[in-house]
Amino acid sequence: MIPEIGHFALILALCLAIAQAVFPLAGSLNNTPSWVALARPLAWGQALFLGIAIGALTYSFLVNDFSVSYVAYNSNTRLPIVYKISAVWGAHEGSLLLWAFFLGAWGAAIAIFSRHLAREVVGRVLAVMGMINIGFLLFMLITSNPFERMFPIPAEGRDLNPLLQDPGLALHPPTLYLGYVGFSVAFGFAIAALIGGRLDASWARWSRPWTTVAWVWLTLGITIGSWWAYYELGWGGWWFWDPVENASFMPWLAGTALMHSLAVTEKRGAFRSWTVMLALLAFSLSLLGTFLVRSGVLTSVHAFAADPARGLFILIFLLVVVGGSLALYAWRAPTIFGGGRFDLISRESFLLGNNLLLTVLTFLILFGTLAPLIYDAMNWGKISVGFPWFNRMFLMVTPFLAILLGFGPLMHWKRTDGAALMRKLRIAAIVSIVIGLIGFWPAISNGSLLVPLGLFLAAWLVTSLVVSIRDRLKHKRGLGGFLSDFGSSGGRSYYGMVLGHLGVAMFILGATMVSNHGIEKDVRMAPGESAEISGYRFVFDGVTRTPGPNFIANRGKFRVFRGDDEITILEPEKRTYLVQQMPMTEAAIDWGLTRDLYVSLGEDLGGGDWSMRLYYKPFVRWIWLGGLFMAFGGILAVTDPRYRSLKRKKKQEAPAGAAAPASLATENN
Amino acid sequence: MSSRTRYLIPLFVFLIMAGFLLKGLFMDPKFIPSVLIDKPAPEFDLPLLDKPDQTLAKADLKGKVWMLNVWASWCVACRAEHQVLNKLARMNVVDIYGLNYKDKRGDALNWLRNLGNPYVATIVDSSGRTGIDFGVYGVPESFIIDAEGVIRYKHTGPVNYEDIQAKILPVLNELKGATK
């Protein structure tokens, strides 16, 4: 009964989505306010029914209702409750439901937080989101219904894929999806602007917090995913340039460019058609990711069960959404062209430079991801674009990005005095070059030019931020001055930017160190033997069998010594999950800010001997700490009081980019 | 280029990409070469099909060029491939080892009795774990591994006579040249 309610709720959500796609948009075009006014209640209704649907599926998991085939394939009576809940989005059908639910939730959030927006703008944004959800709900109901029953009813479920039975992977998909789906808001705003033909500073101001929130979720999702891969896959890597990872990284890059471009559009009214393009791009790339994961056109470790029928559906959907929006762009964007003028040495031009670099990187990754497909389709032969190619491309673009990034915060809008800028940054440049030069010292460089480069870039980012903060607090003294600045309108945006950029520096440092100084060793060890890496001695005390709730583990024990001091005990496991009979490695990690020690058990070689991998990973945590800093910076920026006092401010200041006079916010609200 | 046509560029780029994606739906992505090429083959130590109390490990094969063929009795394409492998085995150019993937022992033994046994030995991967380590996407797949235990070639899908001439022999010749 409950699954049928869920199924029915999905159908109702589809009906509401159709109404939401049609009436508010039509009403905004033929001036029928009562139709436009439907947008908010419809968005509410959709979130409600999708909530009921996801609740029904969760309930089916909790009561082990194996008559629902999705539950039977992805759960088991012995599965711990947490993973019964995370199993809701553990496979194709349920993760689609989560997508649709988040889309509904974002719609409801807009309905709540858009009191200051003109009704027809809200109506159009929600109409676009309704259209997107029509696609997802149809897709689910036609090809991938999570509520489908099966008969005969199995007595026991097949259990959740053991790889997914992990807190990291319980969290990774929802955060990532919140990010993907969140870009649909910026997309909706962009489409609304293209339809309305009005694209000005207040448009950018409305889009900004939504874009930043989506970007924060995506940042967290990618960070968690990378962290999970590191400790769960058992070989210590943190990024693989897998097509599906790229599918999340591309919208992140486009979203990063969009956030910065929106700042320029808001403050200076410039880059308008460019900003709109990025908003379309960020969401289109999110959709493309969905296509790549679920259609099976590329091989990937993450792929869901490939099914050409599903692939074809998503492709048609992609054509309608992306093709339609780009056609609308081609038609309408020429009329919204224009914006403030600026000099070559100005914050605008540096942000534009950064945006271009981010976009170039996005397209390089897009090309690398699709190249095997393109080559194959053109009969140019089979190629595999691997790790080295992506690394090379990434390293070609990012140093320039980091250098520009150091200048950006110190630049003024419109025009900057180049000589004054150089004076301000002189010491920062000298300090970072010296640090870079120290990096050439063999013990530090470890024979790689990337170490001095990485150290230089990280130092440059940090020192230029210090200069920027000093510059900002020039007339304020002490902690009190800082706190008053922090609390001021625009203060948190600024310090959010500082944290975000600091996160980039931390990422660069972590990635540089772990890539060039990491040590890994494959060894065969008998109980009592020891192995040494980087001054740490690992003493192997043998393996014991330990039962878990739904698995049996072989648990190894290592005592780790530095000199004569025992610093920790590591207990990596090799688990066999009972239902799927799938062995899993659980690495044991002693983590620290300057290094991780990482042990993963390999194979039982007989007679108590085991093969194992020992890793020394310097500064690897900084990679994810950097991600967290970026996300936290984003959160700080969104909570800036200036977004809360929009109404007041709107009356005080004329839109900075005065080219388009009327603001989106009209008297209607 | 007029300023209006400029705005059509993104649409065109997207449509071209969509064309490739459409074609991609009807191609088999499994034929993309493995990322494991030129990487050490994963470690394994698995029981033999005909003598389950004995095992064969990767280390046992060190020092010679060998071919790993992943097969299963439930796999239709393997049946077509099997005659080709029998012929390859008779050519005495490489030792072929079978990896019996997620199969039943009785079925697998029956298969070899009925269709001939091209393998020097067949190891049993009933859980599919070693297959996953090798990045096996579908069955059959074949790998050529050199004396250092490094994967040098991967073939996805059934090997046919043409593949032997065009792909497998050249790889083997190259590897033999390298060891001399």
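Predicted model: local features only at pLDDT ≥ 70, side-chain atom pairs only at ≥ 80, totals over all residues.
User: Hi! How many bridges join strand E9 (residues 595-606) of chain A to strand E10 (residues 609-618) of chain A?
Analyst: Residues are numbered from 1 along each chain as its sequence is written, with chains lettered from A and ligands numbered from 1 in the order in which they are written. Strands (E, at least two residues) and helices (H or I, at least four) are DSSP runs numbered from the N terminus, and two strands pair if DSSP finds at least two bridges between them. E9(A) and E10(A) run antiparallel, and the number of bridges joining them is nine.

User: Which residue in E10(A) is the bridge partner of Asp604(A)?
Analyst: E9(A) covers residues 595-606 and E10(A) covers residues 609-618. Across this pair, the partner of Asp604(A) is Trp610(A).

User: Why is one side of strand E1 and of strand E8 of chain A left without a neighbour in the sheet?
Analyst: The sheet is open and antiparallel, with four strands in the order E1-E10-E9-E8 (chain A). E1 (519-525) and E8 (588-590) of chain A stand at its edges, so one side of each lacks a neighbour because each has a single partner strand.

User: What is the order of the five strands in the open sheet of chain B?
Analyst: The pairing in this sheet is mixed. Its edge strands are E5 (121-125) and E7 (151-156) of chain B, each pairing on one side only. The order is E5-E4-E3-E6-E7.

User: Which residue in E5(B) does Leu99(B) stand opposite?
Analyst: Strand E4 (residues 95-101) of chain B runs parallel to E5(B), joined by five bridges. Opposite Leu99(B) stands Ile123(B).

User: Which element gives the largest share of the side of domain 2 of chain A that touches domain 3 of chain A?
Analyst: Domain 2 (195-335 + 344-409) and domain 3 (410-517) of chain A have bounds from an automatic or database domain assignment. In contact (C-beta atoms, placed from the backbone, within 7 Å) are 15 residues of domain 2 and 19 residues of domain 3. On the domain 2 side, helix H10 (243-268), helix H13 (347-377) and helix H14 (387-407) of chain A each give two or more residues. The largest share, six residues, comes from H14(A).

Conventions
Contact = placed C-beta atoms within 7 Å.
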